[in-house]
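Hello,

Here is the structure I promised to pass on to you. Please open it first, and then read my notes below.

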Amino acid sequence: LWLEILSYTHRDWFESPWSEVEFLRRRLKEEQEKSEEANRARLDADARCHLAEKERDIYKFLALKWKGRRHPRRSQQQLEE
C-alpha cells in the first residue's frame, strides 16, 4: 500500500530542501544563462539588420542608377523629335 501511495509523489520529495543561498545561486545561474541567450539573440538581430540595410542600400543605388539612365534617353528622344 505504501509503495502505491509513494509512487504518486515526486522524486524530489525525499531530497532535503535547498538552502536559501543554494536557491539564490541557482536562480543567478539561470538568469545569467537567460541574459547570455538574450545577448546572442540581440547580436544576431543586429547582424540581420545590418545585412538588410546593406541590401536596401544596394537596391537604392541600383534604382537611382536605373532612373538616371532612363532620363537622359528621354531627353535625347525629345531633342531628336
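Let me start with a residue you can find quickly. Arg26 is partly exposed, because its relative accessibility is 37%. Please keep in mind as you look that this is a predicted model.

Arg26 has a charged partner: it forms a salt bridge with Glu22, and the closest N and O atoms are 3.0 Å apart. Why are these two separated by about one helical turn? Because Arg26 and Glu22 are four residues apart in helix α2, which covers residues 20–80. Glu22 is partly exposed as well, since its relative accessibility is 27%.

Now for the whole protein. It has two helices and zero strands. How many of the 81 residues are buried? Buried residues make up 0% of them. The protein exposes about 8600 Å², and carbon and sulfur atoms supply 56% of that area.

Back to the charged pairs. In total, the structure holds six salt bridges, and the pair of Arg26 and Glu22 described above is one of them. Here are some others:

- Glu31 pairs with Arg27 in a salt bridge, with 3.4 Å between the closest N and O atoms. Both residues belong to helix α2 and sit four residues apart, which is about one turn of the helix. Glu31 counts as partly exposed because its relative accessibility is 36%, and Arg27 counts as partly exposed because its value is 34%. Salt bridges with shared partners also link Arg27, Glu30 and Glu31 into one network.
- Arg56 forms a salt bridge with Asp57, where the closest N and O atoms are 3.0 Å apart. Asp57 is partly exposed, because its relative accessible area is 40%.

Finally, have a look at the start of the chain. Which residues make a nonpolar surface patch of about 490 Å²? They are Leu1, Trp2, Ile5 and Leu6. Leu1 lies in the segment before α1, the helix that spans residues 2–7. Is Leu1 buried or exposed? Leu1 counts as exposed, because its relative accessibility of 82% is over the 50% cut-off.

Enjoy exploring it!

Best wishes

Definitions and conventions
Residues numbered from 1 in each chain as written. Predicted model: local features only at pLDDT ≥ 70, side-chain atom pairs only at ≥ 80, totals over all residues. Heavy atoms only, no water. Salt bridge = Lys/Arg side-chain N within 4 Å of Asp/Glu carboxyl O. Buried < 20%, exposed > 50% of the residue type's maximum accessible area, 1.4 Å probe, protein only. Areas by Shrake-Rupley, 256 points an atom, 1.4 Å probe, with all protein chains shown as cover. Patch = residues over 30% accessible without salt bridge, like charges linked within 9 Å, V, L, I, M, F, W, Y side chains within 5 Å.
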